[in-house]
Amino acid sequence: MPRDFLNFSLLEFDDLDEQQQHEIELMTKSFQKPHPLLLPLTRGVFEPNELFDLIKTDPEMTAKILKAVNSPMFALKQPIASIHHAIIFMGVGQVKNIAMQFLLQNST
């Protein structure tokens, strides 16, 4: 093992000098808060209506999911216009994955 790794130890914030404390404070202020729907989406399994109720609260995410379901990948004869229909067509898992991907991309 590298010597630096063996000598690793955690420091308390108060053990740092003023410059180091200031740098840490600046770093933590630059962190973005995650989207409020990200945590609920990561918890448990959803029924279609539960996922619908959650997703419909964010118009931008709704549009992203509708864009995905109406993409050439699915080659639909008629476009899907509602998020509820998209959930039924794609399935809860796929819609949940698209929503989480969208939220993660927009939180960076």
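**Reading a helix pair and a ring pair**

Guide: Helices α5 and α6 are oblique to each other, and please keep in mind from the start that this is a predicted model.

Visitor: How is a pair of helices described, and at what angle do the axes of α5 and α6 cross?

Guide: Two packed helices are described by the angle between their axes and by the distance between those axes. Here the axes of helix α5, residues 59-69, and helix α6, residues 83-90, come within 10 Å and cross at roughly 45°. The crossing of α5 and α6 is left-handed.

Visitor: Which residues of α5 and α6 meet?

Guide: From α5 there are T62, I65, L66 and V69, which meet I83, A86, F89 and M90 of α6. Sorted by class, this contact of α5 with α6 has seven nonpolar residues, one polar residue and no charged residues.

Visitor: How many aromatic pairs are there, and how should I read one?

Guide: A pair of aromatic rings is described by the distance of the centres and the angle of the planes. The count comes to one aromatic pair. It is formed by F74 and F89, with 5.7 Å from centre to centre and 75° between the planes, and is edge-to-face. The pair links distant parts of the chain, since F74 lies in the loop between α5 and α6 while F89 belongs to helix α6, 15 residues apart.

Conventions. Residues numbered from 1 in each chain as written. Predicted model: local features only at pLDDT ≥ 70, side-chain atom pairs only at ≥ 80, totals over all residues. Heavy atoms only, no water. Axes fitted to C-alpha atoms, helices over the stretch in contact; angles between N-to-C directions. Helix = DSSP H or I, 4+ residues; strand = E, 2+ residues; numbered from the N terminus. Parallel < 35°, antiparallel > 145°, perpendicular 65-115°, else oblique. Left-handed = near helix turned anticlockwise from the far one by under 90°. Contact = heavy atoms within 4.5 Å. Nonpolar A, V, L, I, M, F, W, Y, C, P; charged D, E, K, R; others polar. Phe/Tyr/Trp six-rings, centres within 6.5 Å; stacked < 30°, edge-to-face > 60°.
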